[in-house]
Amino acid sequence: MSESEELDLKDLINKQSTIHTTAKYKLSSFYKRYNYDQAIDEAKSILSKGSVSTAQAQYLIWNIKITEDELDGAKVKSR
């Protein structure tokens, strides 16, 4: 994994506590919050094992970004 991928991944992981405080996270469905938290946990687990390939790093970064983007805060419908 390149140095920039490692930094990106660590930044996304460190951002978790900030995301948890947002209305976007709190008002999203349980399923979407769970998927986001699982993506973070998977990245932490793989990073803790040491050697991470470029492909793994790119997948983990993509997965965290996708699950974060899916947090929609249960948008209220107007009539």
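This is a predicted model: local features need pLDDT of at least 70, side-chain atom pairs count only at pLDDT 80 or more; totals for chains, interfaces and linings use all residues.
Visitor: What makes the pattern of the chain α-α-α-α-α?

Guide: Helices are DSSP runs of H or I with at least four residues, strands are runs of E with at least two, and both are numbered from the N terminus; the chain has five helices and zero strands, and read along the sequence this gives α-α-α-α-α. The C-alpha trace spans about 50 × 20 × 20 Å along its principal axes.

Visitor: What makes a set of residues a nonpolar core, and which residues have the most contacts inside the largest one?

Guide: A nonpolar core is a set of buried Ala, Val, Leu, Ile, Met, Phe, Trp, Tyr and Cys residues joined through side-chain atoms within 4.5 Å. The largest has 16 residues, and those with the most contacts inside it are Leu9, Tyr36, Ala43 and Ile64. Helices α1 (3–14), α4 (30–48) and α5 (54–69) are the elements that give two or more residues to this core, and α4 supplies the largest share, five residues. Apart from its neighbours within four places in sequence, Ile64 is in contact with Leu9, Leu12, Tyr36, Ala39, Ile40 and Ala43.

Visitor: Why is the pair of Tyr25 and Tyr36 called edge-to-face?

Guide: Rings of Phe, Tyr and Trp (its six-membered ring) pair if their centres lie within 6.5 Å, and planes under 30 degrees apart count as stacked, over 60 as edge-to-face and the rest as tilted. By this rule there are three aromatic pairs. Tyr25 and Tyr36, at 6.2 Å centre to centre and 70° between the planes, form one that is edge-to-face. This pair links distant parts of the chain, with Tyr25 in helix α3 (residues 23–26) and Tyr36 in helix α4, 11 residues apart. Tyr25 counts as buried at 10% relative accessibility, and Tyr36 counts as buried at 0%.

Visitor: What makes the pair of Tyr59 and Trp62 tilted?

Guide: Their ring centres are 6.0 Å apart and their planes stand at 40°, so the pair is tilted. Tyr59 and Trp62 are three residues apart in helix α5, and therefore separated by about one helical turn. Tyr59, at 38% relative accessibility, counts as partly exposed, and Trp62, at 49%, also counts as partly exposed.

Visitor: How do you know that Met1 is partly exposed, and which residues does Met1 touch?

Guide: Met1 has 29% relative accessibility, so Met1 counts as partly exposed. Met1 lies in the segment before α1 and, not counting residues up to four places away in sequence, touches Glu6, Leu9, Leu47, Val52, Ser53, Thr54 and Ala57. The C-alpha atoms of Met1 and Val52, 51 residues apart along the chain, are separated by 5.8 Å.

Methods
Residues are numbered from 1 along each chain as its sequence is written. Side-chain values use heavy atoms; hydrogens and water are left out. Buried means under 20% relative accessible area, exposed over 50%, partly exposed in between (1.4 Å probe, protein chains only). Contact means heavy atoms within 4.5 Å.
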